[in-house]
Amino acid sequence: MTALVDALVLGWQGVGDRRARAAMSALGIALGMATLVLVTGIPASGQADLDRQLDAMGTTMLVAQPSAAIDTTSALPLEAAAMVRRIAPVESASAIANLNVPVVRDRYADPNRTAGVTAMAATPDLLAPIGGSLDSGVFLTDTTSDLPTVVLGHQAAAWLGVTTVDFSRPRQILVGGAPLTVIGILAPMPLARELEQSVFVGRGTAEAGFGFTGHPTVVYLRAAESQVEAVRDVLPATLDPEVPGLISVSRPSDALAAQRAAQGTFSGLFLGLAGVALLIGGVGVANTMIVSVLERRREIGLRRALGATRRDIRRQFLTEAVLLSLLGGAAGLLLGAIGCVGYAAVRGWPVVVPLPAVAGAVLGVIVVGALAGLYPAVKASRLSPTVALGST
């Protein structure tokens, strides 16, 4: 421990006594580290923005429903959504059921004008898996699910002539002949266009007023991106263990394949540019340390004459090289992070500086510094004390 402390003290003194040269040497490592942070952080931020856009296209959403060849009103089990949520990679899931009842604006309306509107029994957790949001009003809750209320899909609201929700002047529509109060209108849903033409009734209201048995007809779910295919494979057996072939599951989006291809491209770019950046910095440190050995031959000879061993000399110069690399690496890390934040802010991207890349870069800087100082340290330790003291 004492030898290590002595090496650190001597190494720091050696760096401090030659500040200008140390700064120039550290500059190479700083530029290398800054380049590494930039070439990992900027593409990672761009990839995060790309992932965000691709996620909006539904790369992690799956839809499970009975095959068209069977009775869709009773094919899925009562607790279908709960069964799906028990699959570990599933992040959210919700089930809906077609009530097969007519929907009109009022009793005087022409039913042919709203023939495409479908009444669905839904639960309050529907918005998460379908990526839905509200354009006006509120969605179903545990309380309103048992009340005569309804939420309209974006297209259904347009067909029914309901443009906004005003709770001071509530609007009603007829669902299966029963008047229900409109409490919400959904925004357009690019991930589930078929639901834009639906109106959503709480499960309690559907059971009490429309004879809903509780069997859903469709299950929507979101899964972890890396496990989408695996979840798709087990969904049929989860929903129908006896005859899984009767369950149809949507295919993951082609955007998911594009997303993973982009990730592979970015990863290759990271490795190549990072290696070049560190190599350039290491050459600068090695050059500085070799010159330092040549200029400090008398110092080396004096230390040897006073009892320093070859190991002590090697340790001293290796420590100086590593300290130079760490100082340059810290400066480069700061500059690179500032550059990433600035560039991402200008482009409107989320700021991402991959921590594994930064940790690997710090370790790389230490390794590069040690390798760069290895030859100069060995060369210094082999100097004869008499020859070194006699040099001018």
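Let's start in the middle of the protein: in the largest nonpolar core, which has 24 residues, the members that touch the most others are Leu99, Val103, Val150, Leu152, Ile173, Val175 and Val199. A nonpolar core here is a set of buried (under 20% relative accessible area, 1.4 Å probe, protein chains only) Ala, Val, Leu, Ile, Met, Phe, Trp, Tyr and Cys residues joined through side-chain atoms within 4.5 Å.

A second, separate core of 20 residues includes Leu140, Val151, Leu186 and Phe200.

This is a predicted model, in which local features need pLDDT of at least 70, side-chain atom pairs count only at pLDDT 80 or more, and totals for chains, interfaces and linings use all residues. Residues are numbered from 1 along each chain as its sequence is written, and side-chain values use heavy atoms, with hydrogens and water left out.

Leu152 has contacts (heavy atoms within 4.5 Å) with residues including Ala157, Ile173, Val182 and Val199, not counting residues up to four places away in sequence.

Now to helix H7 (residues 228–239), where Val228, Val231, Leu235, Pro236, Thr238 and Leu239 are buried. These residues lie on the same side of H7, because they cover an arc of only 160° around the axis, taken from the directions from the helix axis to the C-beta atoms.

Note on methods. Buried < 20%, exposed > 50% of the residue type's maximum accessible area, 1.4 Å probe, protein only. Helix = DSSP H or I, 4+ residues; strand = E, 2+ residues; numbered from the N terminus.
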